[in-house]
Every structure is written in C-alpha cells, then in structure tokens.
Amino acid sequence: MVDCAKIPRLACGKGDGDRISNLPEHIIYHIFSFMETVDVVRASAVSRRWRYLWLSVPYLSFDYHTIWSDPESRWSRRKINDKFKDFVNWVIFSQNGSVNTQRFRLCCWDYLASYDNDRTIYRWVSAMARRNVQVLDLSIASLYPFEFDLPHSLVTCDSLVELKLSLSFHVHRCFLKLPTTAGFIGLKSLDLQSVALDDNLFPEFISNLPLLENLCMLSCVFPELKVLDISSTNLKNLALESIVGNDNAGNDDAGNYKLKIACPNLVSFNYIALAPWLPHFAFESLNSLQNAFIDLDDYDEDDMENERCHALSTIFNDFREVKVLKLSEAILLEVLDPDPAHEEPAFFSTSFNNLKSLILSAGPGVCLMPSMLRLLDCSPNQEALAIYSPKHRHGYNAYRKTPNKAAISCLTNHLKTVEIKHFSGDMNQLEIVRFLLRNGHVLQRMSIRWVADVKNQVKIISRIMKFRRSSSSVVLKFLDPKPADDFSDYLFDDEQKN
C-alpha cells in the first residue's frame, strides 16, 4: 500500500517544485508546438525561464480568428488586418533569425496578399525560407479574385518538406501561379485546397518534384480542364476530391475530362467525384497499389448513364491487386447492381484475389445485398467487411430477398470480422446480418454500432440473437452511437485503436 505522506507535493512557481519550468527545453518547445503563437507569447509571463523562449521557438502559428475575442465587434476588418499584420511582424522580426523554423502556419484574409499590392505575406514566407522552414501551411480567405505567386525563395528552399496551400474563395476563384523553373527539390507532401490551376503547367510541375510522396487536392479548379495528367515516379499517396473545370459548366461537355495517373509506386488512391465531374480514368503502372477508394458524391441515376458505368467498371481491372477497397453507394448500385432483373451486372468482371478488407457505404434503406454478394464472391481471401450507412445520405431502394448463391469462398474460409456502422435495424440491414451469421463459417467478431435515436434496440437485439450462426465462436457486440465520421477517413475499429 502506498504511503500518501511520502508522496512529494507539487509546488507551483517556487524553486524545484515548479516542474513545468524545469522541463528540458526541447520538451517545452514540443508543448509550444501545439499552441498558437499568441498563447506562447502570453505564456512567457508564467515563468522567468520562459520569458524569452518565444524568441527562439521553432513553431509559429498565426490565426486571424484566434488572436482576439470577437474583434469584429470592436474594429473594422481592415483595422483587424492591420493589427494582425503588426503582431506577426513583431514576432517574426523579433525572433532569433539564426533559429531554423520547423513549422510555419498562417491563416488570414486576402488583404495581406492582394489589397493595394501588399506584399506582406510574401515577406513572411521569404523570411521563413531563409530560416530553412520544413512545413509551411498557408490558408488565405478571399471575397475577391486574386493571384498568388509562390515566391522564388520558397521554390528554391531545399529544406521545405511539406506545403499546404488553401485559397478559400466565395464567388471568384483564386489562381495559383505555378513556377516555371525547377524547385521544391526536398518536397514530400503537397496539399492544395480551393485553388485554380493551369492544367497545361500542372503536369510538368508535379513530374518535376523528385521526392513527392503525398499529393492531396480538394476543390481545385482547372478553367479549361480536358486532361489532368499526374505522373510521378515517387508518389505513394494520392487523394483527389471535387476536381472541377468551371468554364465548361453548363455545356454538353461539362464533367467530361480524362484523368491520367502514371505512378508506379502509388500505394493509396482516394477519389471523390462531385456530379457531374466524373472523369474517364486512364491508369498506367499501378503495380504497387494496395488501397483504393472511389466515392461519387451527389450522384443519382440521371448522372450514371451506361457509358459512365462502363467507364467506371474498367477501373476495377486496375484495382484487382489491392488489399483494401472502399466503394460508395453510386458504384454499388449503378455499376455492381445496375438492374435487379439481371442475374449478373453488365459492367463487372473483376476478381480481387489479394483483397483483405472491403468497406462499403450506402444510405439507410439501401439494399446492398446483391452488390455485396458479388464483391464477396470475387474476393476469395477477404478477411474483414465494414458497412457504413451515414445518416446524411438518403438513398433508398426496396427490400430484396437474398438470391440463392453457391458457397462463397471467403465466407467459408477467411472472413473473420464484420463491422456495421450507423445501424438502425431496417429490413435490408437485418438481412445482411442474418446472411453473414448464417454463412460466415469462420466469423470471429461482428460489431454493430447504432445510429442515434433507435428506440426499439432491445427488440432488434433479441431478433438478431435468434439468427442461426455457422461459427460457434463468433462474438456479437452492440455499440453506442458515435458522431458520424467521414467515410473517406474510415478505418476499422481495431485500426483506430493502434
């Protein structure tokens, strides 16, 4: 038993008892790395030892929204920007210029980039480049169109490893001028959000980044998009979401473009398309691909004519070696299960012999059984299945009885884990549970996470517990609701714990 009298008391602010102040300097800097710079400066008043630490802290984070409490009730937006600029200038140019900056984050309005030809942001970025910045995160919100030119000092900054640039716009697009000379020789991660790009310069820009491993593009606009070519010998992770070419909007060619990907070391590919911008895929050398995710957002039957369904079905041949596959409702219903009257889908004939984990997404009430069976049937070594039914999706089709199928190999020999999220207990969901319990001969665990506000849980659980089970060792778990996560970030519960 521990003698409480022998446990030393924690004294605050006095001598050796001030444990926080006595922490090693690198640990204090690590703590500061999670704080806004304005809070780091304020913290200098807490301890004499901390008084001047902010002058050499290698992590800088400036956010227009968090420096003051409710500033717009006291000052005009222009005044707020002037005060924000004064504070950032004071910190940056007061610091020890010989200290390398590990991360610089800036969130501000466009006054500092475009108003009256203000070059303030460019001066800050150039200062960070001189300090060998490793991670640069710029987020500029705009009400008006403007062009952002990457400073030459940043392009030639050999220390830069990660670059994130978001040019949020409300009406007009904000154009990112890409460098025409070689640079970014150390860049490994590039994240572009809400930027307009030249589709003629972009392919060469990407192919000239020798160490690029991660590329993420969200809501990017290509004004004259016909072919989007992404070719990179070193790229491992590629995520594209809501890529559009707005100058074609309203024309017959709207949504028609070619997406060419030639990345021999690509491991993970995530693609989320916003109707009607569904490309014609052209993949080359995807020998290393292990994880694939295709989500068609806001698509319905009118968007999915036969030509598009056929174009989508062809990409499965390029995914046949993947280990993890995530598919959304439009793929499941329109490509894998296009017509209930047909015994087999007209557009699908791929086998996934290496597939270990299958993740499916469809709205409540959607009958996933036919498409799920086809995927299970062509994935003989599959070990895990997850079904995700986000409440915000409103898809629906009628209940359909499970068709008679011969024994499915993965159910007989390999499928061990099933997870169902946002479970409401409707007929289609119950049919899936019943089928998997009855046919999963080596099933070890089935977890069912409720959607919020299911009032007859006890009755549903009682019904499920009466279903026949082929595996004597299967464990059923019924879990409380959790806030809806993003399907694009979905992981199995075991993966989330690790």
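**Exercise 1.** Determine which unit β1, helix α3 and β2 make.

*Solution.* Step 1: locate the elements in this predicted model. Strand β1 spans residues 59-63, helix α3 residues 77-94 and strand β2 residues 103-109; helices (H or I, at least four residues) and strands (E, at least two) are DSSP runs, numbered from the N terminus. Residues are numbered from 1 along each chain as its sequence is written. As the model is predicted, local features need pLDDT of at least 70 and side-chain atom pairs pLDDT 80 or more, while totals for chains, interfaces and linings use all residues, and side-chain values use heavy atoms, without hydrogens and water.

Step 1: examine the pairing. β1 and β2 run parallel and share five bridges (pairing requires at least two DSSP bridges). L60 lies opposite F104 of β2.

Step 2: assign the hand. The three elements form a right-handed β-α-β unit: with the strands pointing away from the viewer, the path from the first strand over the helix to the second runs clockwise.

**Exercise 2.** State which residues of β1 point each way, and whether they are buried or exposed.

*Solution.* Step 1: recall that side chains in a regular strand alternate between the two faces of the sheet.

Step 1: apply this to β1. Y59, S61 and D63 point one way, L60 and F62 the other.

Step 2: Five of the five residues of β1 are buried (under 20% relative accessible area; exposed is over 50%, partly exposed in between; 1.4 Å probe, protein chains only). In the protein, 51% of the 498 residues count as buried.
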